[in-house]
Amino acid sequence: MTASRDLDIVVYGATGFVGRITAAYLAEHAPDGVRIALAGRSRARLERIRTELGPAAQAWPVLEADAGDPQSLAALAARTRVVVTTVGPYAKYGLPLVQACAEAGTDYVDLTGEVLFHRESIDRFDDVARRTGARIVHSCGFDSIPSDLGVHALHRAVQADDAGDLTDTTLVVRAMRGGVSGGTIDSMRTQVDAVRRDGAARKVALAPYSLSPDRSREPDLGHQYDLATVDGRSVAPELSGRLAPFFMGPYNTRVVRRSNALTGWAYGPRFHYRETMSVGSSRLSPLVATGVAAGFGALVAGLAFPPTRFVLDKLLPAPGQGPSESARERGFFTIDLYTTTSTGARYSARVAAQGDPGYKATAVMLGESALSLVLGGDRLHAGGGVLTPAAAFGDVLTDRLRGAGFEITARRLP
C-alpha cells in the first residue's frame, strides 16, 4: 500500500529539541534517494529548522500538522511510508497520530516511555494495524532499544549454540553520562497524574506483564520488584557490590516481556527479566543502592504531592530543553546483560554507544529505526500491529546500529 507514496519518512515534531537532532541525523546519514519531510504545527519554524540542516535537507518538504487536528494527521500519514514522532507526552498528544498511521497502513516509530499510553495504543489500534499492515513501533530511543536489542542479542547467541532458553536475565547499567530530558520528565508527570487519579491505571502501571498480549500465557514467576536492590554476585560472579534499580526499568522490563510474547515466547517460557545499575563495588554500595532506590521513589511521590510538585517543577528541566552540543557529544552509555539458560550455560551481552543517551544516542536509534522500516525489506516483521523494537526490527536494526558505531555483542561465559 505504501510503495506508491511520495515520501519515505516524515519527522513529526521537527521543531522540538529531540526532533531537530533526529532530523539532523537523517540529513547526514540517510542514504541518497530516501525521501524525507519535516512536519509540525508551524510552517515558518519548520522552514527555519530546514535551513539549519545543511544542503541535503534543503529540498525536503515541510508539512503542517497538529495533534489537535485529526484531518491534518490523516493527510500526513497518507503521504508517507513511515512517521517518526518526537511529540510528547504521548498520552496527551500521541494517540491521534497512532490512529492515523494504523488506519492508513503507515509505519510509525516514537520515543515513548509511558506504559499507560503504550497499553492504550495496543488496546485501541493493534487490531487496526494488523488489518492494514501498519507497524506501530513504540520506544525506539534509550527507552527501550538497548534493553530490547540487548536481550535479542543474548537470545541469538544462545540460539546459535543450541544452549536452551533464557531464564534469569539481568541488565546492568555499568556506566552512563547524560541528562534526563525535559520531555522525559513531562511524560513522568503525566503518568503520575493518571496513576494518582485512577486505580485501574495504577494497576496497569504496576503489573509486570501490563504490555503483554495475553497475560494468561505468561509464567507465574512471583513478585518482580522494579525498585529492589540486588547483590551483584547473584547476577554474575564477576560483579561485586550492591546493584541499584535502574530508573527506566519499570518501563523497559514490560517492553522486553512483550517482545518475548510477540515472538512466540522465543526467549523461553521461564524468562525472568530485571534492570539494575552499578553504583560501585565498595563497602558503601549497599547504602548507595538503597539511596538510589529511595530517591527514585521520593521523586515519584514528590510529583504526586502538590506542594512538592510545585517545587520540583521549578527545578526539573522543562519540555524542549536539552544540553549543549558539546555536552551531548561527551555523553555515553555502557550496558551489560547477563543470563543463565535452561541448560545452565551463562551468556553476557553488551550494548554501548557514544553520545548523550537521551539525546544524541537516542537520535541515532530513532533515525535508524525509521531507516530500518524503509530499507529493511523482507527481513522485517512480516505483518502489522503494535510492536516492540526487537519484534519489529530484530537483526535489521542491530546491524544498522552497529554500522552507526554502536557496540552490540553477545558471548558465552566460562
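Residues are numbered from 1 along each chain as its sequence is written, and side-chain values use heavy atoms, with hydrogens and water left out. In this predicted model local features need pLDDT of at least 70 and side-chain atom pairs count only at pLDDT 80 or more, while totals for chains, interfaces and linings use all residues.

**Exercise 1.** State how the chain is divided and how much area the domains bury between them.

*Solution.* 
1. Domain 1 covers 7-141 + 361-404, and domain 2 covers 144-356 + 405-412; the bounds come from an automatic or database domain assignment.
2. The domain centres, taken over C-alpha atoms, are 24 Å apart.
3. In contact (heavy atoms within 4.5 Å) are 37 residues of domain 1 and 39 residues of domain 2.
4. About 3100 Å² is buried between the two, 64% of it on carbon and sulfur atoms; buried area is the accessible area (1.4 Å probe) that two parts lose on being put together, summed over both.
5. F17, V115 and L116 supply 21% of the area that domain 1 buries against domain 2, more than any other three residues.

**Exercise 2.** Find the salt bridge between the domains and its closest N and O atoms.

*Solution.* 
1. A salt bridge requires a side-chain nitrogen of Lys or Arg within 4 Å of a carboxyl oxygen of Asp or Glu.
2. The count between domain 1 and domain 2 is one.
3. R156 pairs with D395 in a salt bridge, the closest N and O atoms being 2.6 Å apart.
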